[in-house]
Amino acid sequence: VRGVSLKPAREGPLTPIGPTIVIPETYTGWFSLVGKDGQTAPFFSTVEQVANNQVSFFLTRYDVPAYTNVEDAEGRVNYSKTVVQSGHVLKLMGIYEDLNVQRPNSRRPYDASSVFNSDKYAQCLNYRNEVMFLPFSASGRFYTTAHKNSKNPNHIYLMAHILKNHKLPITVRLVCGYMPRVPCSFTGLLRLEKQQKEAVILACTMTNEADATLFEIDVASNFVLKPVKDPMFPKTPIYLKTVSYCEDEADAWRRQIKVTHHVTEKRSRSLTRSLSDKFVEPLANVRPLSLSFLGDFDKRKNRERESSRENKPPQVNRDKSKDKSRDHRFREFRSREKS
């Protein structure tokens with residue numbers, strides 16, 4: 001999906017800023033639709049609000065404390081503290097009430113200020129189908145995630161859902177997701193302009209630095225590539241290091257927001273030629289200058305500098321007629337140069 005960042009403004013329309021960006025359909029970030037009045041999807045401030053509104057699936061924008069149950073070697077269930085990290089989607093299963101108020105298997109004294117001393121918990125499942133218990137008193141930002149066919153502006157969407165259920169162009173705000181690796185005046189407020197399929201080659205620089213640079217080359221570009229025929233090159237440390245880096249980072253790179261850079265070599269050349277023919281006048285009527293005179297003048301200047309350094313009077317050419325001729329030609333050259 002091709003889009004551009006928008007500059008927020010209190011008054012007046014939103015203005016594009018920065019270069020064009022590309023967002024893959026498989027991008028894992030979540031977006032909120034932006035209405036004509038600038039409104040975005042609302043969020044819940046506590047887990048209790050999520051449970052009371054019976055939200056089926058929700059995203060936690062920030063880390064939230066939780067309990068998880070773990071079986072020991074003897075098969076007994078224990079509860080241990082954990083954290084549900086930001087950006088994870090949870091499924092609400094029900095409400096769990098702790099009648100003991102103090103957590104089971106906990107030897108610590110009661111602390112009224114602790115979030116874990118809540119008597120009610122939201123029982124949820126994470127993406128690994130692990131059971132999590134989120135205390136009702138836990139605060140943060142919790143968004144309702146859209147299902148496959150949702151068009152509700154109060155929900156947040158993956159890019160794949162936006163392309164399936166909404167028409168472009170459309171204005172969205174990134175609620176949670178990875179930022180572009182390349183600085184590009186990214187504001188998070190985006191206008192998605194169009195979608196298209198592109199065949200690209202994922203390439204990587206080969207340097208001695210710790211991190212290489214991944215980039216994409218359009219298969220329809222005018223780059224000329226030449227293979228390295230050295231049979232020992234694939235066994236060199238720099239090659240092996242680059243291959244290992246690509247294996248670790250390539251899959252994540254494919255799903256990230258990227259900045260577009262277009263190479264238009266043929267257009268640039270034709271544009272340069274047209275501008276040259278239009279704005280640069282031919283010099284057919286201008287008499288060519290004598291470069292030998294400039295060489296003589298520079299030599300005389302250098303001799304004068306050397307004499308001054310040695311505290312000697314500069315040598316003066318006794319042929320005054322030649323000096324006048326040279327001075328006249330030099331003035332003529334300077335006047336031409338200024339014009």
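Thr-171 is in contact (heavy atoms within 4.5 Å) with Leu-6, Ser-32, Leu-33, Val-34, Leu-189, Leu-190 and Arg-191, leaving aside its neighbours within four places in sequence. Thr-171 sits in strand S13; strands (E, at least two residues) and helices (H or I, at least four) are DSSP runs, numbered from the N terminus. Thr-171 counts as buried because its relative accessible area is 16%, and buried means under 20%, exposed over 50%, partly exposed in between (1.4 Å probe, protein chains only).

This is a predicted model: local features need pLDDT of at least 70, side-chain atom pairs count only at pLDDT 80 or more, and totals for chains, interfaces and linings use all residues. Residues are numbered from 1 along each chain as its sequence is written, and side-chain values use heavy atoms, with hydrogens and water left out.

**Nonpolar cores**
- A nonpolar core is a set of buried Ala, Val, Leu, Ile, Met, Phe, Trp, Tyr and Cys residues joined through side-chain atoms within 4.5 Å.
- The largest one has 20 residues, and Ile-23, Phe-31, Val-172, Leu-190 and Leu-192 touch the most other members.

**Strand pairing**
- Strands pair if DSSP finds at least two bridges between them.
- S8 (residues 89-97) and S9 (residues 120-125) run antiparallel, joined by six bridges.
- S9 also runs antiparallel to S10 (residues 131-135), with five bridges.
- In the S9 and S10 hairpin, with five residues between the strands, Asn-129 takes a positive phi near 60 degrees.
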